[in-house]
Amino acid sequence: MSPSSPIRYVEPVFRPPSEADSLILPLTDGCSWNRCSFCEMYTAPQKRFRARAEAEVVDSIRRSAERYGSRIRRVFLADGDALVLSTRRLLATLEAIRTHLPAVRRVSTYCLARNLRNKSVADLRALAEAGLKLAYLGAESGDDEVLARVNKGETFDSARAALDKLGEAGIGRSVMILNGLGGEALSAQHAEHSAHLANATQPEYLSTLVLTLHGGGTRFRQAWPQWQPLAQHGLFREMERFLSALELRRTVFRADHISNALVLKGTLGADKARLLAEVVRALEYPADAPLRPVWTRGL
């Protein structure tokens with residue numbers, strides 16, 4: 001930890017775009033699964049998974065309070081899956097946040113579905129009452145074949161079970177789907193089954209990112225050598241199929257990550273027709289047109 005920082009960070013540090021103004025508080029380093037072939041976020045040697053000592057975490061909270069005080073309104077628990085820790089450890093962290101950072105109004109975290117298998121709804125409800133308000137769950141796909149191909153270690157049923165637990169406990173759910181993950185061969189079932197997962201769980205937030213393979217995607221292509229990427233029109237077609245199959249009531253939808261050429265924002269189902277019209281309009285671009293962001297007039 002440098003003299004100027006109240007928290008020891010192990011680079012690179014990742015957080016959701018919506019947590020840009022949050023205090024990033026590492027409870028762990030790396031990801032306890034770290035086998036997804038498409039993800040290289042935690043593959044650097046220094047990001048090997050380990051839980052941080054409870055005393056260090058509490059000291060980081062105390063030092064942050066001394067430095068920033070009431071300016072901290074949101075806290076994001078890092079790294080890849082803080083919920084792998086025991087409920088006792090998590091409650092101790094949330095208690096320290098309440099004690100030292102009383103101005104905090106929301107605590108959030110990434111969440112692996114597998115890490116909720118040993119947590120009951122009562123455990124999660126206790127965490128919600130202690131201040132954990134939002135969990136970002138990277139479902140990536142609702143299709144079991146796609147999930148197996150990319151070594152996600154999850155299924156439609158395991159993702160649904162985790163999302164249902166979070167919802168029953170009163171923790172908000174932000175679900176992410178990877179547009180293009182199924183490639184040319186599995187695009188249709190990837191879109192349809194991902195929509196079915198969202199329909200079955202009715203998350204508060206839903207977002208799509210476009211699969212981006214950094215550094216050539218060696219690990220991904222070794223695991224799935226037959227995979228062929230979708231061209232831009234194929235990605236738009238997949239999005240059209242995905243949106244068409246969604247039957248959501250009050251879910252905030254975003255496809256506005258830097259990886260998205262077509263930027264979509266709205267609430268589903270109220271804005272479903274408008275969002276689909278935006279996709280159809282994008283499909284009218286020539287298939288060989290240069291790739292560039294297509295900004296829409298969303299919310």
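A crossing of two helices is called right-handed if the near helix is turned clockwise from the far one by less than a right angle. I keep that convention for the entries below. The model I am reading is predicted.

**Entry 1: α6 and α8**

I started with helix α6 (residues 183-201) and helix α8 (residues 232-245). Their axes come within 8 Å and cross at roughly 30°. Angles under 35 degrees count as roughly parallel, so α6 and α8 are roughly parallel to each other. I then looked up the hand: the crossing of α6 and α8 is right-handed.

Next I listed the contacts. On the α6 side I found Ser-187, Ala-188, His-190, Ala-191, Glu-192, Ser-194, Ala-195 and Asn-199. They meet Glu-238, Arg-241, Phe-242 and Ala-245 in α8.

**Entry 2: the strands around α6**

I followed the chain on both sides of α6. Strand β7 (residues 172-179) and strand β8 (residues 205-210) run parallel, joined by six bridges. Val-175 stands opposite Leu-206 in β8. β7, α6 and β8 together make a β-α-β unit, and its hand is right-handed.

What else does β8 pair with? Strand β9 (residues 251-255) is joined to β8 by three bridges, and these two run parallel. I noted one partner pair here: Ser-207 has Arg-254 in β9 as its bridge partner.

**Entry 3: strand β4**

I moved to strand β4 (residues 74-78). Is it enclosed or open? Four of its five residues are buried, so β4 is largely enclosed by the rest of the structure.

I checked its pairing. Strand β1 (residues 23-26) runs parallel to β4, with four bridges between them. Leu-23 stands opposite Val-75 in β4. Strand β5 (residues 106-111) also pairs with β4 in the parallel sense, over four bridges. There, Leu-77 has Thr-109 in β5 as its bridge partner. From β4 the chain crosses through helix α2 (residues 87-100) to β5, and I logged this β-α-β crossover as right-handed.

**Entry 4: α1 and α2**

I turned to helix α1 (residues 54-68) and α2. How do their axes lie? They come within 9 Å and cross at roughly 20°. α1 and α2 are therefore roughly parallel to each other. α1 passes α2 in a right-handed crossing.

The α1 residues I listed in this contact are Glu-54, Val-57, Val-58, Ile-61, Arg-62 and Ala-65. In α2 they meet Arg-88, Arg-89, Ala-92, Thr-93, Ala-96, Ile-97 and His-100.

I also looked at Glu-66, which lies in helix α1. Buried or exposed? Exposed means over 50% relative accessible area, so Glu-66, at 58% relative accessibility, counts as exposed. I took one distance: Glu-66 and Leu-101 are 35 residues apart in sequence and 9.4 Å apart in space, C-alpha to C-alpha.

**Entry 5: Tyr-136**

My last stop was Tyr-136, in strand β6 (residues 132-140). The cut-off for buried is under 20% relative accessible area, so Tyr-136, with 8%, is buried.

What is Tyr-136 in contact with, leaving aside its neighbours within four places in sequence? I found Pro-16, Ser-18, Glu-19, Phe-76, Arg-106, Ser-108, Thr-109, Tyr-110, Cys-111 and Ser-174.

Tyr-136 and Phe-236 are 100 residues apart in sequence and 24 Å apart in space, C-alpha to C-alpha.

Methods. Residues numbered from 1 in each chain as written. Predicted model: local features only at pLDDT ≥ 70, side-chain atom pairs only at ≥ 80, totals over all residues. Heavy atoms only, no water. Buried < 20%, exposed > 50% of the residue type's maximum accessible area, 1.4 Å probe, protein only. Pairing = 2+ DSSP bridges. Right-handed = clockwise from strand over helix to strand, strands pointing away. Axes fitted to C-alpha atoms, helices over the stretch in contact; angles between N-to-C directions. Parallel < 35°, antiparallel > 145°, perpendicular 65-115°, else oblique. Contact = heavy atoms within 4.5 Å.
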